[in-house]
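Hello,

Here is the structure I promised to pass on to you.

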Amino acid sequence: MQKEGNQSTVVTFVLLGFSEYPHLQMLLFLVFLIIYTVSVLENLGMILIIRTNPKLHTPMYFFLSHLSFVDFCYTSVIAPKLLDLLVTNDKAISFNGCMAQYFFGCTFVIIEMFMLAVMAYDRFMAVCNPLLYTVAMSHHLCSVLVASTYIWGGIFSSMLTYILLQLSYCGGLNILNHFCCEFSALLSVSCSDTSFSQMACLVISMFNEACCLLIIVVSYVVIFVTVMKIPSKGALRKALSTCSSHLAAIGVCHGIVVVLYCVLRSKSSLFLVKIATVFHSLVIPMLNPLIYSLRNKDVKEAIRKLSY
């Protein structure tokens, strides 16, 4: 395998974005700009509300504030370049810029996956051990869990980025039929044998997905068994309401991942791949704050107090 680090020629990538639909460029720009703006305001607003309201200084909202931070960072890695592609003729991105975008985007995706798994464990402790919840989920433990998700994301993202850096790319312009530097798109323009890279990416992705889903499934199976033993309908309803928002976020996030990497594989579905990527990188970060606030009385009350 040829090494990328010592290439003598300058490598530049060209992101086609949605250039095959020139008549939709301005419309797409306005739609994506609105989504990105709303997403930024929602996630930063959620962080502000949680940090300024003492009533929300609990483990669940501590994790939620970090989820909002990760969503804000992830969408900010992807959206600016996407918006730029829609209004300018310069669709080039440097090799270092492309690798940096991939690294940070991949990092925040992995962090979000494991943050949702940590939040599942938090719901497990809240429902199954309510009397010991505040003691068991101490601030120290919560900080360690959050730090672990960031470290985990950084490690595996570094591994995948290193794999891409070991490949050779043809000098000059390399055309990527995408609006961001995505792993499979970069492999498609490599001059090296990518069989090992594809296998490594598959193994790492499956390992991370399996770990996340194992934590989530085990946590919610135990929660379900515990909830079914609750005799009081009011207590049962309250227990289910604490988990419904999180389950909705998990369903949306992992559902899109499955569609993106397991269903849409053929070249004929490139447009659908782009749409699914837009949904994963722009729409989900916008939906998460809504999912957690619309069914949450504490957040609604905090918003009302902040408004007045």
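A disulfide here is a pair of cysteine sulfur atoms within 2.5 Å. Please keep in mind that this is a predicted model.

With that cut-off, searching the whole structure gives one disulfide. The partners are Cys98 and Cys181, with 1.9 Å between their sulfur atoms. The torsion about their S-S bond is about -125°, so the disulfide is left-handed. The bond joins distant parts of the chain, 83 residues apart: Cys98 sits in helix 3, while Cys181 lies in the loop between strand 3 (172-176) and helix 6 (183-188). Both ends are buried, Cys98 with a relative accessible area of 0% and Cys181 with 4%.

What about Cys106? Its sulfur has its closest cysteine sulfur in Cys201, 7.8 Å away, which is too far for a bond. Cys106 still counts as buried, at 12% relative accessibility. Cys142 is buried too, with a relative accessible area of 2%.

Helix 3 turns up again in the packing. The axes of helix 3 (residues 95-128) and helix 5 (residues 139-165) come within 8 Å of each other and cross at roughly 145°. That crossing is right-handed, and the contact between the two helices has 19 nonpolar, seven polar and no charged residues.

Finally, the largest nonpolar core has 90 residues, of which Phe13, Phe32, Leu164, Tyr169 and Leu186 touch the most other members. Helix 3 gives the most to this core, contributing 22 residues.

Key: Residues numbered from 1 in each chain as written. Predicted model: local features only at pLDDT ≥ 70, side-chain atom pairs only at ≥ 80, totals over all residues. Heavy atoms only, no water. Axes fitted to C-alpha atoms, helices over the stretch in contact; angles between N-to-C directions. Helix = DSSP H or I, 4+ residues; strand = E, 2+ residues; numbered from the N terminus. Left-handed = near helix turned anticlockwise from the far one by under 90°. Nonpolar A, V, L, I, M, F, W, Y, C, P; charged D, E, K, R; others polar. Core = buried A, V, L, I, M, F, W, Y, C linked by side-chain atoms within 4.5 Å. Buried < 20%, exposed > 50% of the residue type's maximum accessible area, 1.4 Å probe, protein only.
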